[in-house]
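Please look through the sequence and the model shown below before reading on.

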Amino acid sequence: MADKNRPDGTGETGRGKQHETEIRDDDLERRRRELEASLATRRPDRLEGKDDAKAGSVAGYGQALKLSSEFIAGVVVGAGIGWIIDRLAGTSPWGLIVFLLLGFGAGVLNVMRSAGVVAEFGQGDKSRRDQDDRK
């Protein structure tokens with residue numbers, strides 16, 4: 001049968017022959033304080049940045065809501081205009097189809113402008129001239 005004084009003995013885990021009474025509370029407390037001090041000197045910005053991370057996630061949700069609402073608004077307005085044209089001109093369903101596609105394109109363009117991928121109308125020529133002047 002296994003010897004209980006050895007680490008591989010049944011019922012024994014840990015450091016083998018060392019007993020719990022040898023590890024003192026004041027020693028553990030000292031080591032814990034040293035670890036906290038060491039961690040505080042290595043990562044001071046992370047403890048202060050927790051509020052910034054929460055604010056960033058809220059700003060991300062706001063940006064996502066803004067982009068999705070701009071896309072949906074473009075599609076809905078395009079479909080609405082197409083439906084009205086179909087009712088007035090009797091061209092059902094072609095007005096709805098054409099303006100739904102135009103609304104989709106307008107929604108995508110609005111999202112790209114809001115995200116900063118595409119320049120606002122009239123600003124694209126200025127940036128090209130500035131790049132040409134730099135060459």
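**A ring pair and its surroundings**

With a relative accessibility of 44%, Phe104 counts as partly exposed, a class that lies between buried (under 20% relative accessible area) and exposed (over 50%), as found with a 1.4 Å probe and protein chains only. The model is a predicted one, in which local features need pLDDT of at least 70 and side-chain atom pairs count only at pLDDT 80 or more, while totals for chains, interfaces and linings use all residues. Residues are numbered from 1 along each chain as its sequence is written, and side-chain values use heavy atoms, with hydrogens and water left out.

**The chain as a whole**

- The secondary structure of the chain consists of 5 helices and 0 strands, where helices (H or I, at least four residues) and strands (E, at least two) are DSSP runs numbered from the N terminus.
- Followed along the sequence, these elements give the pattern α-α-α-α-α.
- Of the 135 residues in the chain, 7% are buried.
- The chain exposes about 11,500 Å², and carbon and sulfur atoms supply 58% of this area, which is an accessible area from the Shrake-Rupley method with a 1.4 Å probe; for residues, only the protein chains shown count as cover.
- Among the contacts in the chain with a separation of 6 or more, 37% are between residues 24 or more positions apart, a contact being heavy atoms within 4.5 Å.

**The aromatic pair**

- The structure holds 1 aromatic pair, and the rings of Phe71 and Phe104 have their centres 5.4 Å apart and their planes at 80°, so the pair is edge-to-face.
- The pair links distant parts of the chain, since Phe71 belongs to helix 3 (residues 50-89) and Phe104 to helix 4 (residues 94-115), 33 residues apart.
- For such pairs, the rings of Phe, Tyr and Trp (its six-membered ring) must have their centres within 6.5 Å, and planes under 30 degrees apart count as stacked, over 60 as edge-to-face and the rest as tilted.
- Phe71, at 28% relative accessibility, counts as partly exposed.
- Met112, which is found in helix 4, is 41 residues from Phe71 in sequence and 9.7 Å from Phe71 in space, C-alpha to C-alpha.
- Met112 is partly exposed, with a relative accessible area of 32%, and, leaving aside its neighbours within four places in sequence, Met112 is in contact with Val117 and Val118.

- Side chains of opposite charge can pair when their charged atoms come close.
- The structure holds 5 salt bridges, each being a side-chain nitrogen of Lys or Arg within 4 Å of a carboxyl oxygen of Asp or Glu.
- One of them joins the side chains of Asp27 and Arg30 (2.6 Å, N to O), and both residues lie in helix 1 (residues 25-42), 3 residues apart, about one turn of the helix.
- Asp27 counts as partly exposed at 28% relative accessibility, and Arg30 counts as partly exposed at 38%.
- Glu29 and Arg33 also meet in a salt bridge through their side chains (3.8 Å, N to O), and because they are 4 residues apart in helix 1, about one helical turn separates them.
- Glu29 has a relative accessible area of 32% and is partly exposed, while Arg33 is partly exposed with 48%.
- Glu36 forms a salt bridge with Arg32, with the closest N and O atoms 2.5 Å apart, and these residues, 4 residues apart in helix 1, are separated by about one helical turn.
- Glu36 counts as partly exposed at 45% relative accessibility, and Arg32 counts as partly exposed at 38%.
- A network of salt bridges links Glu29, Arg32, Arg33 and Glu36.

**Annotated regions and a surface patch**

- UniProt, in an unreviewed entry, lists residues 67-85 and 91-112 for "transmembrane region"; its positions are given in the numbering used here, feature names are shortened, and annotations may be inferred rather than shown by experiment.
- Over residues 67-85 the chain is 100% helix and 0% strand, with the end C-alpha atoms 28 Å apart.
- Over residues 91-112 the chain is 86% helix and 0% strand, with the end C-alpha atoms 32 Å apart.
- Trp83, Ile84, Leu88 and Leu96 form a nonpolar patch on the surface, with about 430 Å² of accessible area together.
- Patches are made of residues with over 30% relative accessible area and no salt bridge, where like charges are joined within 9 Å and nonpolar side chains (Val, Leu, Ile, Met, Phe, Trp, Tyr) within 5 Å.
- Helix 3 gives the largest share of the nonpolar patch, 3 residues.
- Ile84 is found in helix 3 and, at 46% relative accessibility, counts as partly exposed.
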